[in-house]
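Q: Got a model to go through with you. Can we take it piece by piece?

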Amino acid sequence: MRNDEHLQTLPHGSIVAVYGSGGRAREFLEHLAAHRPDVLIYCFLDSFCGGHFMERPVLTLDSWPEAQGACDLIVVASMYHPEIQKALLTKSISNFFVFEDGRILDPPPAGARYVSNFKRPGCLWNRKHWDRLILGYDDEAVFKEAITQVLPFTMVSQEGLVALCDIVRYCEELGIEGAFVECGVGQGGSSALMALMNLRYGTARRELHLFDSFQGLPELVEGKDDVSLMRRLLEMPDLPGTGRLVPAGVMAADQRYARQAVLEVAKYDAGHTHFHAGWFQETVPPIAGSLGAIALLRLDGDLYESTAVCLEHLYPHVVPGGFVYIDDWCLAGCRQACLDFFATLDRRPYLHVLDQCGRFWRKPEGSGQV
Ligand SMILES: C[S@@+](CC[C@H](N)C(=O)[O-])C[C@H]1O[C@@H](n2cnc3c(N)ncnc32)[C@H](O)[C@@H]1O
């Protein structure tokens, strides 16, 4: 093994908190400086002390939630790593690796998982200083507080999250009737944000319908999805493109995180929260007719078929004046599914640009399906 090979486990450009502020942490930083200059050290964590180490702040675990939104993962570089792993898992923090005997342990220890945040914007400054940015949009402080709460649970860009806040606020202020539906919940950050905004601006709780396999994406479909791009983005050269409804091994998010985000972080009413676990192709068509009116349909399924089935079965229930939010316009499969769907409507809707990937439109008033 080349002496830097173990460091390739760390995703390109990751922002890291190092747990430990002693000799082992120093050694880890020396390895990084020599072989992975793209990896940024945001802070150190230690169980007891504060202050600074190697010119970065040392935070205690209790103050970690404040930094969590700014970091992708933790590397535990301490001789006390078994105890630290336990402490992290007890606090439901599982995005960590362990550095021991001069290398990153691969596979990571039991309970640890790495969830790629590849869709987050690359602007480090924006991410690190998010709470201090003045962006000039309405209700900025309210939105920022809510977004900060959900950031650890979402892959969506901050621009996309701000737009989602704004859409929900508008739905509440105008009293647009109907449920909030998300297809592609992942770890639940966007769903929790819709819930938080309803709690902040709404006078009554909405039904929240949350669809996901909670096993990640199904297999892609060669010819419909851009399989080669996804292979590159996800660094998975063997990603299958044969379209079976089986886990492709990508973006699997445990339903527990989504529950935590919506029910514990946002503290939304469990009686109004409905998790629909399974493949959209199997869960959406049979239940679509009984969901009632939809005020906001948020589609985040990344793929052609995942988007198409939701548009076909759920769009008819979006009320005129209601919103459809497409998270993945930049992915060829999702975009084509939308374009194919638009071809079935009287006219193509005007798409508002949210960020490089997100789009939304409003279903025209006075229309049936248009
Ligand atoms: C990009 S993630 C969702 C991100 C999430 N909305 C957020 O705020 O970070 C895409 C999700 O779509 C789900 N998904 C994609 N296609 C699906 C399908 N056909 N059936 C069920 N779930 C699907 C995956 O399991 C994954 O959790």
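Q: Where is the place of Gln85?
A: Gln85 is in helix H3, residues 81-90. Helices are DSSP runs of H or I, at least four residues, numbered from the N terminus.

Q: What should I know about the model first?
A: It is a predicted model: local features need pLDDT of at least 70, side-chain atom pairs count only at pLDDT 80 or more, and totals for chains, interfaces and linings use all residues. Residues are numbered from 1 along each chain as its sequence is written, and side-chain values use heavy atoms, with hydrogens and water left out.

Q: Back to Gln85, buried or exposed?
A: Buried, because the relative accessible area of Gln85 is 13%. Buried means under 20%, exposed over 50%, partly exposed in between (1.4 Å probe, protein chains only).

Q: What is Gln85 in contact with, leaving aside neighbours within four places in sequence?
A: Phe96, Val98 and Pro109. Contact means heavy atoms within 4.5 Å.

Q: Switching to the ligand. How many residues surround it?
A: 24 residues surround the ligand, and Thr154, Gly184, Ser190, Asp212 and Asp300 are the closest. The cut-off is a heavy atom within 4 Å.

Q: Which ligand atom does the Asp212 side chain lie 2.6 Å from?
A: An oxygen atom; the Asp212 atom is a polar side-chain one. For Gln281, a side-chain N or O atom is 3.0 Å from a ligand nitrogen.

Q: And how much of the ligand does the protein bury?
A: 99% of the 590 Å² that the ligand exposes when taken alone. Areas come from the Shrake-Rupley method with a 1.4 Å probe.

Q: Last one: Asp4 and Arg103, how far apart?
A: They are 99 residues apart in sequence and 8.3 Å apart in space, C-alpha to C-alpha.

Terms used:
Helix = DSSP H or I, 4+ residues; strand = E, 2+ residues; numbered from the N terminus. Polar contact = N/O pair within 3.5 Å; in protein donor to acceptor, adjacent residues only side chain to side chain.
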